[in-house]
Amino acid sequence: MRNVLTTTAVLVAGLSFATQSNAEIFIGLQETGVNGGVLKTMATDTVITGFANFAGKYGVYTINAITASTPPASVDPLDSTAMNISSATPGELKVFVSATDVPLSGVTQFLSSLTSNTLPTGWTAHLSTY
Amino acid sequence: MFKGIGGDIDLAIVSHSGLISVTGIYDLTSNGSGTALSTLHVETIQIPEPSSLFLLGASLTMMGMFAHRLKAKSRA
């Protein structure tokens, strides 16, 4: 019985090690008239593995504070927040947060929760994941 | 598409073993000055495959049989 328990413990430890993730994360911005309208990578997880953040101006959006995390920094494949402050000039900004090398094994259900916490009148926010 | 505060969920089932990428997109359109705050959260739930369920069932049955035998032995 003790051998069975030992074998099981070793197996579980092995599986835990095998599912360790080395995922990477990127934050990119895209706006018409900026960088030729081409998507530009603004931050990666160079300081903290699995976590990236960007704070700064981009186009007509004077302040952008964007965070994104993936394992090992977070438990879930993708967690992200975006606060964007616009100047008086109207404009469309696309924020891309992308986690790569996320390990997957077998049939998995993905549940995406998309939330708009604050949005001025007349603005639209289209949130999506794929 | 949000025109004010709100929440939405989206479900997808993926059958794949290996490395994948997960991307979230915030597409904001402003008509003047203001502040938008949005969040994206993606979580996964593992769905057992039929073969895994069979193995789990077989293991539980074997353990039950083993326990029954031990009990019978200790009684004798």
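Strand E7 (residues 107-118) of chain A and E3(B) run antiparallel and are joined by ten bridges. Here Leu111(A) has Glu43(B) as its bridge partner in E3(B). Strands (E, at least two residues) and helices (H or I, at least four) are DSSP runs, numbered from the N terminus. Two strands pair if DSSP finds at least two bridges between them.

E3(B) spans residues 34-46 of chain B, and nine bridges join it to strand E5 (residues 78-86) of chain A. These two strands also run antiparallel. Ser80(A) is bridged to Leu40(B) in E3(B).

## Model and numbering

This is a predicted model, in which local features need pLDDT of at least 70, side-chain atom pairs count only at pLDDT 80 or more, and totals for chains, interfaces and linings use all residues. Residues are numbered from 1 along each chain as its sequence is written, while chains are lettered from A and ligands numbered from 1 in the order in which they are written.

## Chain A

Chain A has one helix and eight strands. Its pattern along the sequence is α-β-β-β-β-β-β-β-β. Of its 130 residues, 32% are buried. Buried means that 20 or more other C-beta atoms lie within 10 Å of the residue's own; exposed means 12 or fewer, partly exposed in between, with C-beta atoms placed from the backbone.

Take the contacts in chain A between residues at least 6 apart in sequence: 52% join residues at least 24 apart. A contact requires C-beta atoms, placed from the backbone, within 7 Å.

## The six-stranded sheet

Six strands form an open sheet with antiparallel pairing, in the order E3(A)-E4(A)-E5(A)-E3(B)-E7(A)-E1(B). The edges are strand E3 (51-58) of chain A and strand E1 (6-15) of chain B, each pairing on one side only. Twist averages 10° from one strand to the next. Axes are lines fitted to C-alpha atoms, for helices over the stretch in contact, and angles run from 0 to 180 degrees between N-to-C directions.

E3(A) pairs with strand E4 (residues 61-69) of chain A over seven bridges, in the antiparallel sense. Tyr58(A) has Tyr61(A) as its bridge partner in E4(A).

## The five-stranded sheet

A further open sheet has five strands, ordered E2(A)-E1(A)-E6(A)-E2(B)-E8(A), with antiparallel pairing. Strand E2 (40-44) and strand E8 (124-129) of chain A are the edges, and each pairs on one side only. With direction ignored, neighbouring strands of this sheet are turned by 20° against each other on average.

Eight bridges link strand E1 (residues 24-31) of chain A to E6(A), in the antiparallel sense. Phe26(A) is bridged to Ser98(A) in E6(A).

## Nonpolar core

The largest nonpolar core has 32 residues; Ile27(A), Val95(A), Val97(A) and Ala125(A) touch the most other members. Strand E6 (residues 91-104) of chain A gives the largest share, six residues. Such a core is a set of buried Ala, Val, Leu, Ile, Met, Phe, Trp, Tyr and Cys residues joined through C-beta atoms within 7 Å.

Ala125(A) reaches into both chains. Leaving aside neighbours within four places in sequence, Ala125(A) contacts Ser116(A) and Leu119(A), along with Phe2(B), Tyr26(B), Leu28(B), Ala36(B) and Ser38(B).

## Interface

Across the interface, 53 residues of chain A are in contact with 48 residues of chain B. On the chain B side, E1, strand E2 (18-30) and E3 each supply at least two residues. That side divides into 20 nonpolar, 22 polar and six charged residues. Ala, Val, Leu, Ile, Met, Phe, Trp, Tyr, Cys and Pro count as nonpolar, Asp, Glu, Lys and Arg as charged, and the others, Gly among them, as polar.

Note on methods:
Two residues are in contact if their C-beta atoms, placed from the backbone, lie within 7 Å.
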